[in-house]
Amino acid sequence: MSAIVHASVAARWRPSPTIVASMVLHLAALVFAIAGSEGSVWWALAAVAANHAFLTVLGLWPRSTWLGPNLTRLPASAIARREVALTFDDGPDAELTPRVLELLDRYGARATFFCIAERAAAHPELVREIVRRGHAVENHSRAHRATFPMLGLGGIRREIAGAQATIAEIAGRAPRLFRPPAGLRNPLLDPVLHDLGLRLVSWTRRGYDTNRTDAAGVAERLIRCLAAGDILLLHDGHCARTAGGNPVVLEALPRVLEAVRASGLKSVTLSQAIDP
């Protein structure tokens, strides 16, 4: 019986210190508002407003760990194995994804694709091809809504759980990792991920290939100080194009893969790096 109770307690969601402090502040503000003077009420409201502004800033900081666990770098065991993780967001895309897969095959690299569920449903054969070639498919929300960081608890759950169901049915495996649209979130995301058994992943560095048209510059941002343990972010959807009309990712990716090879590193999926 004690072992069962212990397992239950261990599985309970534990808010981050920042969230705990925010809860305490809200409770204290409520007490002041009820029992204090008129001046105390205004101070309480000001404190709550400042706290919400602070939480908003943290939600706009994709690599922040203040709102809950956030994988921004591979674990020490993966670093010891000289591994890096290439990740691609916003696909699958009928034009880009097959060409990205060909480049990865050419260099013997494995990658993780954070797929938008609605796009996965539109191109199920591409999702299955990603898996067939030894890559991983993870959760990037149902519709990639710009309003995702402003959603309430129910909206966040619907976006993520809906994507889980769609991707699991197509790929044959339920995602274990989640990356929010543009990496933006709010304090309500962590308990939803915990309940769904998902882990939040951001990145070590990104190339900004959705808005930069200079492929060399995109690649340089990713490979400057490249080291074991890095999580690199590119896009096989919503990708910008060079002045010549070519998708930036297709010109930047070979440079990145060459740098990985020259550095004696190995590109693996996030799942392989976390739990080989």
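This briefing walks through the overall build, the nonpolar cores and the aromatic pairs of the structure above. The model is predicted, so local features need pLDDT of at least 70 and side-chain atom pairs count only at pLDDT 80 or more, while totals for chains, interfaces and linings use all residues. Residues are numbered from 1 along each chain as its sequence is written, and side-chain values use heavy atoms, with hydrogens and water left out.

**Overall build**

- The chain has 12 helices and eight strands (DSSP runs numbered from the N terminus: helices are H or I with at least four residues, strands are E with at least two).
- Along the principal axes, the C-alpha atoms fill a box of roughly 70 × 55 × 40 Å.
- Of the 276 residues, 48% are buried (under 20% relative accessible area, with a 1.4 Å probe and protein chains only).
- Among contacts (heavy atoms within 4.5 Å) between residues at least 6 apart in sequence, 75% join residues at least 24 apart.

**Nonpolar cores**

- The largest nonpolar core has 42 residues, and Leu86, Phe88, Leu104 and Phe113 have the most contacts inside it (a core is a set of buried Ala, Val, Leu, Ile, Met, Phe, Trp, Tyr and Cys residues joined through side-chain atoms within 4.5 Å).
- Helix α11 (residues 248–262) gives this core its largest share, nine residues.
- Beyond its neighbours within four places in sequence, Leu104 touches Leu86, Phe88, Ala109, Ala111, Phe113, His135 and Leu257.
- A second, separate core holds 13 residues, including Leu74, Ala85, Phe114 and Ala273.

**Aromatic pairs**

- The whole structure contains three aromatic pairs (ring centres of Phe, Tyr or Trp, the last by its six-membered ring, within 6.5 Å; planes under 30 degrees apart are stacked, over 60 edge-to-face, the rest tilted).
- One of them is the stacked pair of Phe88 and Phe113, at 5.1 Å centre to centre with 20° between the planes.
- Phe88 sits in strand β1 (residues 83–91) and Phe113 in strand β2 (residues 111–115), so this pair ties together parts 25 residues apart in sequence.
- Phe88 and Phe113 are both buried.
- Phe148 and Phe178 make a tilted pair, because their ring centres are 6.0 Å apart and their planes stand at 40°.
- Phe148 is in the loop between β3 (136–139) and α8 (153–171) and Phe178 in strand β4 (residues 177–178), so the pair links distant parts of the chain, 30 residues apart.
- Phe148 and Phe178 are also buried.

How values were computed:
Buried means under 20% relative accessible area, exposed over 50%, partly exposed in between (1.4 Å probe, protein chains only).
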